[in-house]
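Have the viewer open and follow along.

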Amino acid sequence: MRILDPHIHMSSRTTADYEAMYGAGVRAVVEPAFWLGQPRTSVDSFIDYFDALVGWEPFRASQFGIRHFCTIGLNPKEAGDPRLTGVLDIMPRYLEKDGVVAVGELGYDSMTPQEDHAFAAQLALAVAHELPALVHTPHRDKLAGTRRTLDVVRESGIAPGMVVVDHLNEVTVPEVVDSGCWMGFSIYPDTKMDPTRMVAVLRDIGLDRVLVNSAADWGRSDPLTTRRTGEAMLAAGFDDDAVDRILWRNPMEFYGQSGRLDLDPTGQADAAAPAEFAGNSIMRGARA
């Protein structure tokens, strides 16, 4: 089973997670820029964070045989902070980086006018840089937020096939299924989806334009839920090709629109993983 996790926050995970992920079949990840759990107070803090996403984290992942890509954005949780509006001004220089495969996470948290502005501005950046967009749907008022999200996407002029509307569930997916946008599902304990529910959704809507991710971060989460979803699909009667489509070919297709997803389509590019998965190997690389 080969896996490209299309939404996982590896900056919040340990090197032991990388080792376990490789053992589970993960060969590539996309890490969206997101909220770190407490408010950031300046644009400079985003510069340091974005630098880590395009520099240190790809190196750390490579020590474990995993390719790391990222998305760059001003997340909805902080989009309303007037101290951070300058993040939109620094984004273009990061959106030119080779490892950046989309703009995001962007979208809504509380659906404020400030969030409206940041959302529309970042969709415009996606169009200007010819990149896909990764959209976060809000935790509160999710149905209303999803409907408003689709309105903003339509108004922006971006091609719907360049947009993934993420964190969907059984209530919100009917709104997106006929929109032309991709549909993202986070297999995340308690607050989003679980593998069994995801299998039921796949039976209902099929495999087209579907991305399944772990969204693993600093909260109670599991970076192996992509693998567990693939196993649940097999147990429910889906074949190996269907699992491969959901866990590998679909995310390859979506992020491949960036022109920067330089992965062997067979998933074998990183087959020769380091024999030693040890923290000291990373430190040796960092000192070299």
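Which residues form one aromatic cluster? The answer is F46, Y49, F50 and Y94. Before going further, a word on the ground rules: this is a predicted model, so to speak, where local features need pLDDT of at least 70 and side-chain atom pairs count only at pLDDT 80 or more, while totals for chains, interfaces and linings use all residues. Residues are numbered from 1 along each chain as its sequence is written, and side-chain values use heavy atoms, with hydrogens and water left out.

Back to the rings. For Phe, Tyr and Trp (its six-membered ring), two rings pair if their centres lie within 6.5 Å; planes under 30 degrees apart count as stacked, over 60 as edge-to-face, and the rest as tilted. The structure holds nine aromatic pairs. One of them joins Y49 and F50, a tilted pair with 6.0 Å from centre to centre and 35° between the planes. Y49 and F50 are both buried, where buried means under 20% relative accessible area, exposed over 50%, and partly exposed in between (1.4 Å probe, protein chains only). Now look at Y108 and F119: their ring centres are 5.2 Å apart and their planes stand at 90°, so this pair is edge-to-face. Y108 sits in the loop between β4 and α5 (113-129) and F119 in helix α5, so the pair ties together parts that are 11 residues apart in sequence. Both of these residues, Y108 and F119, are buried. The element names come from DSSP runs numbered from the N terminus: helices are H or I with at least four residues, strands are E with at least two.

D44 is exposed, with a relative accessible area of 53%. Its C-alpha atom is separated by 9.3 Å from that of L84, 40 residues apart along the chain.

Next, the sheet. Strands count as paired if DSSP finds at least two bridges between them. Eight strands make an open sheet in the order β1-β2-β3-β4-β5-β6-β7-β8, with parallel pairing. β1 (3-5) and β8 stand at the edges with a single partner strand each, so one side of each is left without a neighbour in the sheet. From one strand to the next, the twist averages 25° (axes are lines fitted to C-alpha atoms, for helices over the stretch in contact, and angles run from 0 to 180 degrees between N-to-C directions).

Three bridges pair β1 with β2 in the parallel sense, and I3 stands opposite V26 in β2. Strand β2 (residues 26-32) pairs with β3 in parallel over five bridges; the bridge partner of P32 in β3 is T71. β3 also pairs in parallel with strand β4 (residues 100-107), over three bridges, and there C70 has V100 as its bridge partner. Five of the six residues of β3 (residues 67-72) are buried, so this strand is largely enclosed by the rest of the structure.

Further along, what about strand β7 (residues 182-186)? Five of its five residues are buried, so β7 too is largely enclosed by the rest of the structure. In a regular strand the side chains alternate between the two faces of the sheet. Here W182, G184 and S186 point one way from β7, M183 and F185 the other way, and all are buried. β6 and β7 pair in parallel over two bridges, with V164 opposite W182. On a 1 Å grid over the protein atoms alone, a cavity is a set of points where a 1.4 Å probe fits but cannot get out, while a pocket is an open set with protein on both sides within 12 Å along at least five of seven lines; lining residues have an atom within 4 Å of a point. Grid points are joined across faces, edges and corners, and a volume is the space filled by probe spheres set on the points. The structure holds one cavity of 30 Å³ or more. The lining of the largest cavity includes V164, G184 and L211, and β6 (163-166) and β8 (210-213) each supply at least two of its residues. The largest pocket has a volume of about 390 Å³. Of the 20 residues that line this pocket, the closest to its centre are F34, W35, H136, H139 and D217.
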